[in-house]
Amino acid sequence: MSAQPEPALLHSEEEEALRAAVRDLLTDHCDPAGVIARSESAAVHDVPLWKALSDAMGLAGLLIPEELGGQGASHRETAVVLEELGRAVAPVPYLTSAVVATEALLACGADDLLGELASAATVAALAVGLHVAPGGAFASVRLEDGTLHGELTGIADASAADVLLVPADDGGLYAVRTADATVVPQVSLDLTRPVARVALDGATGRRLGEAGPAVRRALRTGAGLLASEQLGLADWLLTETVRHLKERRQFNRRVGGFQALKHRLARLWLENAGLRAAARNAADALATGADTDIAVAVAQAHAARVAVHAAEEALQLHGGIGMTWEHPVHLYLKRAKADSIAYGTAGAHREALAALVDLPAP
C-alpha cells in the first residue's frame with residue numbers, strides 16, 4: 001500500500017508572487033475608509049475592484065481549465081487570493097462566484113457558463129443558503145410545467161450575480177438569469193457580503209445537471225477555502241493590534257510593553273499559526289484530493305473560533321477608537337462572526353469530523 005504524500009504547507013515562489021500582486025492591488029484600491037463608505041451605500045459591491053481582480057488579473061478563472069479560458073490553477077492559488085481578500089475584507093463576490101458557483105458548474109460540466117465566468121463577463125451565485133454545511137440539507141424550488149417557482153433565502157452575493165444556480169425539486173440544478181428572478185436584500189450582520197431572498201415566479205431555467213453532487217462539491221470547497229479568508233482576517237487583526245499597541249502610550253509607557261498584553265498577543269499568534277496550518281492543509285487537500293473531507297472539517301472546526309477571538313481581542317485592545325465606526329475593526333468582527341456560520345458552524349464540522357474518523361460521541 002503506497003503512502004499518502006505529505007501535504008505541502010509552504011507556499012511556492014509563484015504563490016508568493018501571486019500574493020504580492022493581489023496585496024498591491026488591494027492596497028491601492030481597497031482601503032478601509034472606502035470599504036466603510038461602501039457599506040453605508042446602496043452599492044455594497046466594489047465593481048471596479050472586482051473587474052481588476054477578475055478581468056485584468058484573470059483571478060475569476062483560477063479554478064477553470066485553460067481550454068475554457070481560465071487559468072487552470074489549483075485550490076492552493078485560490079486560497080492565497082482569498083487570504084488577501086480576507087485581510088482587506090474586500091466587498092467582492094470572489095468566494096461565492098469564483099469558488100462556490102464555479103465548483104458547482106465544474107461538477108455539471110457547464111462549459112459555456114464557465115467560459116463566461118473565466119472571461120469576467122458573468123458573475124454567478126449558488127442559490128443555497130450561506131449557512132448550509134457540506135452534505136447538509138438545502139432548500140429547493142418547485143418545477144411546474146417547465147418553469148421554476150418558490151423562494152430561497154440567505155443567498156450570499158445574489159445582488160451581484162448575473163446568473164443564479166438554483167436547485168429544483170426534480171433533483172436538478174438550473175441556471176436562471178437574475179433578471180428573471182426577484183432579489184430582495186435581507187438584513188446581514190456582514191455588510192461586505194450581503195445576503196438576499198430570491199423569489200422565482202414562473203422563471204425559466206436551463207438544467208445543468210444533478211443538484212446533489214454539484215452542491216456538495218461546491219459547499220465543501222467553499223468551506224475549505226473559507227478558512228483561508230478567516231486566516232487573512234485573523235492575520236490582519238493581529239498585525240494591526242500589535243502596531244497599535246506599539247504606538248499607544250499609557251502611564252508614560254507604550255501599552256505594548258505591559259506583560260499581560262504581551263501574553264494575550266502571544267496567544268493570538270499561536271492560534272493564528274494553528275489556523276494557518278489547518279487552512280493551508282485544507283487548500284492542499286482540495287488540490288490533491290487526499291483526505292479532503294477530513295482536512296476541510298478540521299479547518300472549519302478551528303477557523304471560526306480563531307478569527308472571532310482575534311476580532312474580539314482587537315476591538316478591546318484598540319480601546320475607545322476600536323468602538324468607533326471610522327476604525328475598520330468592526331468590519332472584521334462582523335465578517336468573522338458571519339463567517340463563523342457560513343458553510344456550516346464549527347459544531348457541525350466537528351460532528352462531521354467525528355463521523356469521518358469513526359469517533360462516536362460519548
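1. In which sense does α1 pass α4 in their crossing, left-handed or right-handed? α1 passes α4 in a right-handed crossing, a crossing being right-handed if the near helix is turned clockwise from the far one by less than a right angle, and left-handed if anticlockwise. Helices here are DSSP runs of H or I with at least four residues, strands are runs of E with at least two, and both are numbered from the N terminus.

2. On the basis of the note: the model is predicted, so that local features need pLDDT of at least 70 and side-chain atom pairs count only at pLDDT 80 or more, whereas totals for chains, interfaces and linings use all residues. Residues are numbered from 1 along each chain as its sequence is written, and side-chain values use heavy atoms, with hydrogens and water left out.

3. The pair that opens this note can be described further. Helix α1 (residues 13-29) and α4 have axes that come within 9 Å and cross at roughly 30 degrees; axes are lines fitted to C-alpha atoms, for helices over the stretch in contact, and angles run from 0 to 180 degrees between N-to-C directions. That makes α1 roughly parallel to α4, as angles under 35 degrees count as roughly parallel, over 145 as roughly antiparallel, 65 to 115 as roughly perpendicular and the rest as oblique.

4. α4 also packs on α7. The angle between α4 and α7 is about 40 degrees, and their axes lie 7 Å apart. α4 is therefore oblique to α7. The crossing in which α4 passes α7 is right-handed.

5. α7 has a further partner in helix α9 (residues 292-317): the two pack at an angle of about 25 degrees, with axes 8 Å apart. α7 and α9 are therefore roughly parallel to each other. The contact of α7 with α9 comprises 16 nonpolar, six polar and two charged residues, where Ala, Val, Leu, Ile, Met, Phe, Trp, Tyr, Cys and Pro count as nonpolar, Asp, Glu, Lys and Arg as charged, and the others, Gly among them, as polar. α7 passes α9 in a left-handed crossing.

6. Turning to cavities, the structure holds three of 30 Å³ or more. A cavity is a set of points, on a 1 Å grid over the protein atoms alone, where a 1.4 Å probe fits but cannot get out, and lining residues have an atom within 4 Å of a point. Grid points are joined across faces, edges and corners, and a volume is the space filled by probe spheres set on the points.

7. The largest cavity has a volume of about 100 Å³. Of the 13 residues that line the largest cavity, His 11, Arg 76, Ala 79, Arg 280 and Ala 283 are the closest to its centre. At least two lining residues come from each of α4 (75-87), α7 (211-247) and α8 (259-288), and α4 gives the most, with four residues. The lining of the largest cavity divides into seven nonpolar, two polar and four charged residues.

8. For the second largest cavity the volume is about 80 Å³. Its lining includes Thr 96, Val 100, Ala 125, Leu 126 and Tyr 343. α5 (94-108) and β1 (124-126) each supply at least two residues of this lining, which divides into eight nonpolar, one polar and no charged.

9. An open sheet of four strands with antiparallel pairing has the order β2-β3-β7-β6. β2 (142-144) and β6 are the edge strands, each pairing on one side only. Neighbouring strands of this sheet are turned by 15 degrees against each other on average, direction ignored.

10. Strand β7 (residues 195-203) is joined by seven antiparallel bridges to β3 (residues 147-156). Gly 150 stands opposite Leu 200 in β7, and Ala 156 stands opposite Val 195. Five bridges join β7 to β6 (residues 182-186), again antiparallel, and here Gln 186 stands opposite Val 195. Ala 156 is also one of the residues lining the second largest cavity.

Definitions and conventions. On a 1 Å grid over the protein atoms alone, a cavity is a set of points where a 1.4 Å probe fits but cannot get out, and a pocket is an open set with protein on both sides within 12 Å along at least five of seven lines; lining residues have an atom within 4 Å of a point. Two strands pair if DSSP finds at least two bridges between them.
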